[in-house]
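Colleague: I'd like to learn how to read a model like this one. Could you walk me through it?

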Amino acid sequence: MVALDDVSLDVRPGEFVAILGPSGCGKSTLLQIMAGLMPASAGEVKLDGHAVFGPPPKLIYLFQQYAKSLFPWRSVVRNVEFALQSRGVQRAARRGQALEYLKVVGLDGFADRYPWQLSGGMQQRVAIARALAAEPEVLLLDEPFSAVDALTRLELQALVLDLWSRRKLTVVLVTHDVDEAVFMADRIVMLSGRPAKVTKMREVAITRPRDPITTREDPDFLALRHDLMAELLARPGVNEGGPL
Amino acid sequence: MSRLGRAAVSASGLAGMLALWETVSDTGLANAALLPPPSTTLRAAWAIIASGQVLAPLGQSLSLLAAGYALASVLGIGLGLAMGCSRSIYGLFEPLVELLRPIPKAALVPPLFLFLGIGTTTMVTIITIGCFFPVLINTVQGVHGVDPVLLDTARTFRRSRGLTILEVILPAGLPMILTGMRVSLALGLILVVLAEMLAGSGGIGFLILDMQRSFDIVAMFAWLLIMALLGLILSLAFDILETRAVPWRAH
Amino acid sequence: MYFRRSRRLLLLAAALLACHGVARADEMKTLHVGMIPTIDFAPFYAALTNGYFTEEGLKIDLTPTTGGAVGIPAVVSGALDIAAGNVVSTILAASRGLDIIAIAPASKVRASDPDLAAIVALTASTLHSGADLNGKTLAVNTRANVLWLYGRAWVRKTGGDPDKVTIKEVPFPQMLDALKGHQVDAAFMVSPFLNAALADPAFQRIGEPYQQVQPDVDVGQYEATNAFVREHPKETAAFLRALRKGAVWFNANRRTPALADIVAGYSHLSAGLVAKIDLPEAPMTIDPAQIGKTIDLMRQEGLLKAPMDPMKIVYTPATRP
């Protein structure tokens, strides 16, 4: 079964790219290929000029099923320590450093709890903390907020934007939520249904830092949102065209 | 029903069975010489325990079980991990396993005694072979059943294959492995008793047979009861250890 | 038409019933008997082969057992009516309150009977006495029976410590293989299997427990429950008559090919081998004095706690009709 047909994408360092498309269109597959977790049957992926054959260094992929990605036999802090172990951090220093990362996501008080004792939003934050502990340059997020409630989603979006700008990460976020894509990204790549093709690329010329309330009332935000929603729902948009 | 309620129902079921047994033996419905009533059996069993008579045979049977069980678990988990993680190793051993597994291990006891003699080594070998297969098969299943998300997580963090097996696959497969070890424990106890009956040199199994041969039926039933208690205690201990080892299983 | 046919059918039915009623008077009774394939019970097999049980209106349903220790529980539970057993198992069972009694003798070992029972070891081994068996394995057919008791007594008498000898249960027919395969160091074997061993230079006799501990000891017996004897006096009497006839025939035909064939048949040894065995006379009565000596030995070896009257296990038809 062909998942992706003709996808070409260049991500600039420090950029926040959102890949937007309907469910099942192959965006997760694209992300996993980019992460080196799945081989491409044709075409290539390059990171910093090097071809990607397996999970590359300095890149962490965050799963859609983040609850399942946390190790249930390890406590929250020990889950974060897993990333530190992989980086070769000495045993004595691990707990302290792990707690730091947990503090960044606001979970240092839950260090010795177990993943199954936390809410969905908290579990996602542990996954984020663990990803950060690997000190990556690139983060690939696969629909990271689709399974949490609306309020938690807003909190997590703010957290990710904050981390992205502070640590100068490159982020590729896969989502089916137009709102989310426009709110968070520098550039939006739209994928059609299976087999996926890139149908549109739009720069998001909205100023940063972005505010959860006011940005969402910005006319540029609304216009872009309108266009993309229309495209998704296959209706003619207000500002059709634009550079592809 | 509350926890207390459920416990009361179980207890009443047990009490009812004991009452029935007592009646059957006391009224002569069953030959009391061949089926002593629970009151007599319990008293005899208590006498054996209280006097310390139980210690030597119990120690002998338990150490046999422990040796065979430990060896079987190490070998079973080891080969199980190898077979689960490597397609070629799996292909190499799978036909052999499928051939040997269905053989009731109790049937292997007489031929093994014939080929290897009737020493402690043979007995430990019997128990090891018997306990090996459930652990092996469940370990393989446990490995195969590990959530791919966990494996991919280890991959995105670029953890080496060996460390992934040790730190991710083994703990993830532990619930399944423990299920196999529970089955092995029950099987191991049966094999210990059987081997002891045939080897004739001590242990609870030997005593049960010896008491039968001497027509000391009360003592025989008392030892049977002690053996049943041993099985129960081992099972409960295993439950407790399992809950500690895999606390996430319930969630 | 219909009437006539149905009347004919009625007549036929009545006739059949009458025949059946007549047959009832001397219908065959089935006895469930447990048997051990040794020389001790050759008279039984002789009676069986020569049809003496059939003459008495008895049909014998035979079950093989490995010894009295196995046969007696079967008799007590009612699975068997009569079982081949031994004096020690009977005494032990009776002392534990089991309802068991010896209804007939099977065998006794006199000082002059060399080839009935002996301790056998590989000729290549250096075992010659009970002292040599310390720390070794001795095979008997079942524990806590006559061979077990006299085996231990012999070990003690010839300088060994029976508690240092590991006793392993091996059925009689398998003792030879167990010795060859080094599963056991010595075996207390009985005729005819003993004779097969002694005919083979690989094996040697190292002791004769019965003759050395208690010559003229009563060994084999036929067991039943008092309840059975009480409830089936006719069948019991018939069995004993047929058995006695078999014993008489056995005693008269000890050196004949006919007997050799019978023994070879049930023991699965060659008739030629059996023909060479010097068979002793089968006893006609149980000897209470010998049983008393066995009881004493059992008390010495710790198998019995309290004294017992030998007559407790001896069936005497005069007092028990």
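Colleague: Which residue in β9(A) is the bridge partner of Leu4(A)?

Modeller: The bridge partner of Leu4(A) is Ala196(A). A word on the ground rules: this is a predicted model, where local features need pLDDT of at least 70 and side-chain atom pairs count only at pLDDT 80 or more, while totals for chains, interfaces and linings use all residues. Residues are numbered from 1 along each chain as its sequence is written, with chains lettered from A and ligands numbered from 1 in the order in which they are written. Helices (H or I, at least four residues) and strands (E, at least two) are DSSP runs, numbered from the N terminus.

Colleague: In what sense do β1(A) and β9(A) pair?

Modeller: In general, strands of a sheet pair through backbone hydrogen bonds, either parallel or antiparallel. Here β1(A) and β9 (residues 196-203) of chain A pair in the parallel sense over two bridges; pairing requires that DSSP finds at least two bridges between the strands.

Colleague: What is the strand order of the sheet in chain A?

Modeller: The order is β1-β9-β8-β2-β7-β6-β5 in an open sheet of seven strands with mixed pairing. β1 (4-6) and β5 of chain A are the edge strands, each pairing on one side only. On average, neighbouring strands are turned by 25 degrees against each other, direction ignored.

Colleague: How do α8(B) and α10(B) cross?

Modeller: Axes are lines fitted to C-alpha atoms, for helices over the stretch in contact, and angles run from 0 to 180 degrees between N-to-C directions. The axes of α8 (residues 161-199) and α10 (residues 217-245) of chain B come within 11 Å and cross at roughly 165 degrees. That makes α8(B) roughly antiparallel to α10(B) (angles over 145 degrees count as such).

Colleague: Which residues of α8(B) and α10(B) meet?

Modeller: Contact means that C-beta atoms, placed from the backbone, lie within 7 Å. Among the α8(B) residues are Leu174(B), Leu178(B) and Arg182(B), and the α10(B) residues include Met227(B), Gly231(B) and Glu242(B). By class, this contact has nine nonpolar, one polar and two charged residues. Ala, Val, Leu, Ile, Met, Phe, Trp, Tyr, Cys and Pro count as nonpolar, Asp, Glu, Lys and Arg as charged, and the others, Gly among them, as polar.

Colleague: How many residues do chain A and chain B give to their contact?

Modeller: Chain A gives 19 residues and chain B gives 13 residues. On the side of chain A that touches chain B, the largest share, three residues, comes from α3(A). That side divides into 15 nonpolar, three polar and one charged.

Technical notes
Two residues are in contact if their C-beta atoms, placed from the backbone, lie within 7 Å. Angles under 35 degrees count as roughly parallel, over 145 as roughly antiparallel, 65 to 115 as roughly perpendicular and the rest as oblique.
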